[in-house]
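In these entries I record what I looked up in one structure. I began with the strands and then turned to the helices.

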Amino acid sequence: ADVGAYLREETEARLGDEIREVRGHGLMIGIEVKRGSNRLLRDLALEHGILALPAGRTVLRLLPPLTVEREHADEVVDALEAVLT
């Protein structure tokens with residue numbers, strides 16, 4: 001729960017202008033983007049080795065393992081920032 005809250009807060013703080021909303025519970029996180037999510041999912045996987053799933057046309061769904069740490073969350077936010085900007 002702590003790492004999930006940290007990941008949501010960091011995503012909102014660093015990508016607030018690029019996204020519409022971050023929602024979720026614990027480590028189940030949905031990030032609603034302003035444009036289609038398919039290109040973003042592809043770029044996250046190919047360029048950064050991060051697997052995310054679509055949840056509709058504009059939502060990226062993150063389901064990290066329960067062993068994820070803050071350092072991993074920082075890597076995900078860095079990758080999202082690189083892909084979105």
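How many bridges join S1 to S2, and do the two strands run parallel or antiparallel? I found that six bridges join S1 to S2 and that the pair runs antiparallel. I note here that the model is a predicted one.

**Entry 1: the sheet.** I looked up the order of the strands next. Four strands make an open sheet, ordered S1-S2-S4-S3, with antiparallel pairing. Strand S1 (19-25) and strand S3 (53-54) each have a single partner strand and stand at the edges, so one side of each has no neighbour in the sheet. I recalled the general point that strands of a sheet pair through backbone hydrogen bonds, either parallel or antiparallel.

Entry 2: I then followed S2 on both sides. Glu32 has Val59 of S4 as its bridge partner, and Ile31 stands opposite Leu60 in S4. I also checked whether S2 is covered: five of its six residues are buried, so S2 is mostly covered.

**Entry 3: helix H1 on the sheet.** Which strands does H1 touch? H1 packs on the sheet and touches S1, S2 and S4. The direction of H1 makes about 175° with that of S1.

**Entry 4: the start of the chain.** Is Ala1 buried or exposed? Ala1 lies in the segment before helix H1 (2-15), and its relative accessibility of 75% counts as exposed because it is over 50%. I also looked up a distance from Ala1: its C-alpha atom is separated by 6.5 Å from that of Leu27, which is 26 residues away along the chain.

**Entry 5: H1 against H3.** I recalled that two packed helices are described by the angle between their axes and the distance between the axes. For H1 and helix H3 (residues 70-84), the angle is about 25° and the axes are 10 Å apart. H1 is therefore roughly parallel to H3, as the angle is under 35 degrees. The crossing of H1 past H3 is right-handed. On the H1 side, the contact includes Val3, Tyr6 and Leu7, and on the H3 side it includes Ala73, Val76 and Val77. By class, I found nine nonpolar, one polar and six charged residues in the contact of H1 with H3.

**Entry 6: H2 against H3.** H2 and H3 pack at an angle of about 120°, and their axes are 10 Å apart. The two helices are therefore oblique to each other. H2, too, passes H3 in a right-handed crossing. In this contact, Arg39, Leu40, Asp43, Leu44 and His48 of H2 meet Ala79, Leu80, Ala82, Val83 and Leu84 of H3. The residues of the contact of H2 with H3 comprise seven nonpolar, one polar and two charged.

**Entry 7: a residue in a loop.** Last, I looked up Ser37, which lies in the loop between S2 and helix H2 (38-48). Why does Ser37 count as buried? Its relative accessible area is 1%, and Ser37 is buried because this value is under 20%. Leaving aside neighbours within four places in sequence, I found Ser37 in contact with Pro54, Gly56, Arg57, Thr58, Val59 and Leu60.

How values were computed: Residues numbered from 1 in each chain as written. Predicted model: local features only at pLDDT ≥ 70, side-chain atom pairs only at ≥ 80, totals over all residues. Heavy atoms only, no water. Buried < 20%, exposed > 50% of the residue type's maximum accessible area, 1.4 Å probe, protein only. Axes fitted to C-alpha atoms, helices over the stretch in contact; angles between N-to-C directions. Parallel < 35°, antiparallel > 145°, perpendicular 65-115°, else oblique. Left-handed = near helix turned anticlockwise from the far one by under 90°. Contact = heavy atoms within 4.5 Å. Nonpolar A, V, L, I, M, F, W, Y, C, P; charged D, E, K, R; others polar. Pairing = 2+ DSSP bridges.
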